[in-house]
Every structure is written in C-alpha cells, then in structure tokens.
Amino acid sequence: MVSIRDALSSAADEGIITPAQAEKLVPFLLATDTGASDEKRAAAGSALLAEDALEAEESEQPRFVRGFHDILITIGVIVALVGLWGIGSLFAVFPAIVILAEILIRRQRLALPAVALTVALAHWSGMFALLVVEVAAPEGLDILTNWLLVLPILAAVLAVFYWRYRVPLALAATLLSLFLLAMDIVLVLLAKALGSADTIVEHTGLAASVFLISALGIFSAAMSYDIADPARKSRQSDVAFWLHLAAAPALLYAMLSFIFLRNMSGEWWGDATSPGDAVAVLVIIIVFMVIGLIIDRRAFVTSGLLSLGLAIWTILQRGGVDFSDYFSVTVLAVGVVVLLIGIFWQVLRRAIVSILPASITAYLHPVYRPAR
C-alpha cells in the first residue's frame, strides 16, 4: 500500500501540487486519517519525525564516504604512495597516481580514494612546480614572484585531472589556485608600484584588503555553486563544500588581520592583545556562525574554534576573572558552544532563516521543519 508521503510526493512530481504543499499535507493527513488506529498514526508520525531528523543530519553530507570499502582502499592508496615516494623519485609517483585514478575513479567510481588521489596530485604538482622554478627561473626572485610560476602549473594539472575524472575536489582546488594566482599577481604589481620589497610587512593594511577581497571571491564562487544546487543533490554541492572549507578560514583570518595589523608580521596573540581585541574577535566569530547557519555550512563554525578559544582565554585572563586553570575552562567553554550549536543546529537555523525575506531564502538550502 502506498504511504501518504509517497502518494503526495508522486502528486508533486506530476505537478498537481507543489513540493511545499506536499510537505505541509503529510502531517495534516496523518492526523486526520480516520481509517487508521491511534497506534498506526503515532507510528507514522514517529517515522516522519525520524525521517525529518535524518534529513536534518544529512543537510551537509559530502558524498565522498560511501562505506568501509572506500576507507580500506584509501588507506592502501595513502600507504602505497608514501612508500613509493620514499623509495622512488618525483617522477615515479605521477604514473602511480594516474594508474590508480584510472582504476579507482574512472572504472570503480570510488569517492574517498578520489579525494586522496586528488590531494596526492596537488602535492605532486606543487613539488613539480617548485622543481621547475628551481631549474628554470632566474635566481634571486622573491617568493611572490616564484608563486607566479608555481600556481599556473598547479591549476593546469588539477584542471586536467578534473576534466578526466570529474572529482569535485579537483575543480575546487583548481578554482582556489586561480584565486591565489590572482591575489599573487595583485600583490606583485602593488610591490612594483610602491617600490616595496615586502608589501605584506610594509603595507599591512593594503595587504589585508587584498586578502579579504580574494577570500570574498572564493566565498562568492562557493555560493554560486550552492545557489545552483540548493537541494544539494548534484556534484555542484560537493564543489561548494570544498570551496566553503577554504573560504571560511580565509575570510575569518583576513578579517582578523585588521584587528592584529600591528602583529601581522609576527605573533597575533601576545602580550599586546587586549580584552577589547578579544571581544572584537568574538563578534566576528558570532557573525561567522550566523552566516554558517544561514547557508547551512558548518565550516563557518569550525574555522573559528581556535580563535574562539584564544578570545575566551584572553577575556578571562585579562578581564579580572580568577580561575586556577584557564586552559580547562576555555576548552570547556568552546566544547559547550560546539555542542549547543551542533545539537540545536536546525532549531537555530529555522529561527534565523524565518526572519529573512523570501527573496533570499529562495536561494538557500531548504530548512527542514519537523512534522507536528
């Protein structure tokens, strides 16, 4: 017998009702189904709640872990490549990566090994590019100019790998390499225009602005993939996941650099850090957590945990709060924050998204609402 949910889903697929109407009708029909006993209605309601909870848990689940078979193969890939790198040369590793990619990605479609091989190829590409720079580039070039030669090679190799195997991480890494290349070009041009030997140290405010603009570019790219697949059913969502994983810490530390400009070339958290600086950091982290809830991406919460701990430590230690063990109290506070956000993620997200205009929420990942 077809369930109420399946019947309404079919009706939505046929265009008889909208998917939103189907979701609203399910609890209503379950509650008014006079042909069902109280026990059956309760069981159906419990099953619906369990399904909603499962959907909420899987609202951000990248598709690169499909079972322990993937994990076992990935362990083998990592161990084999590390061993080959140790006994062979740089040029012995590349054919191994290609052969393994043809077998594990092209033929067997294994997701987690694809991630491991992409990371291995990125590492190999970086080492190869550095070798090319060492051999072919003129001596005496500064590090930013050297990266103008390294990053195009890295981006080209990763782009070809994505074209061949369609691994989302490879595309995300390619885009990230291009953003880094654009940022590096701007910094090199600024250094020449200003006659500066080290723009990052000598013009910290300008360098921080370039970092922030680049991080915003990565975030914009991630959001473009999210908006293109709000239901998170295709490869685009996985690309967005990896881009957000890079954009979140990049944005966070680009913004924090404006607070710690005086220490940008040295130690950020030191004796010069005041409770006011720590409060400013807390505000930025809270804003990031709200952004993460709105777009349903946990990277914006996890990227700020270290800074959150340091900020809490600074406020407690220099704000006159007397504790015998600041470390344990700080770790406890961070752990409680993580647990509260993790446990009440969907509740908090519903509360925040509900106050946003429909013109914005239409582009966001849908908010799962439990049946009543």
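This is a predicted model: local features need pLDDT of at least 70, side-chain atom pairs count only at pLDDT 80 or more; totals for chains, interfaces and linings use all residues.

I begin with helix 4, residues 68-87, and helix 6, residues 111-136, whose axes come within 7 Å and cross at roughly 20 degrees. Since angles under 35 degrees count as roughly parallel, helix 4 is therefore roughly parallel to helix 6. The crossing of helix 4 with helix 6 is right-handed.

Which residues meet there? From helix 4, the contributors include Ile 73, Val 77, Leu 81 and Trp 85, and from helix 6 they include Leu 117, Ala 120, Trp 124 and Met 127. Asp 70 and Thr 74 of helix 4 also take part, as does His 123 of helix 6. By class, the residues of this contact comprise 14 nonpolar, two polar and one charged.

Staying with helix 6, I turn to Thr 118, which is found in that helix. Is Thr 118 buried or exposed? Its relative accessibility is 1%, so Thr 118 counts as buried. Leaving aside residues up to four places away in sequence, Thr 118 touches Leu 158, Phe 161, Val 167, Leu 169 and Ala 170.

Finally, the backbone. Most residues other than glycine have a negative phi. Arg 232, in the loop between helix 10 and helix 11, has a positive phi of about 60 degrees. Asp 296, in the loop between helix 12 and helix 13, likewise has a positive phi of about 60 degrees. Arg 232 is buried, with a relative accessible area of 9%, and Asp 296 is buried at 1% relative accessibility.

Definitions and conventions: Residues are numbered from 1 along each chain as its sequence is written. Side-chain values use heavy atoms; hydrogens and water are left out. Axes are lines fitted to C-alpha atoms, for helices over the stretch in contact, and angles run from 0 to 180 degrees between N-to-C directions. Helices (H or I, at least four residues) and strands (E, at least two) are DSSP runs, numbered from the N terminus. Angles under 35 degrees count as roughly parallel, over 145 as roughly antiparallel, 65 to 115 as roughly perpendicular and the rest as oblique. A crossing is left-handed if the near helix is turned anticlockwise from the far one by less than a right angle, and right-handed if clockwise. Contact means heavy atoms within 4.5 Å. Ala, Val, Leu, Ile, Met, Phe, Trp, Tyr, Cys and Pro count as nonpolar, Asp, Glu, Lys and Arg as charged, and the others, Gly among them, as polar. Buried means under 20% relative accessible area, exposed over 50%, partly exposed in between (1.4 Å probe, protein chains only).
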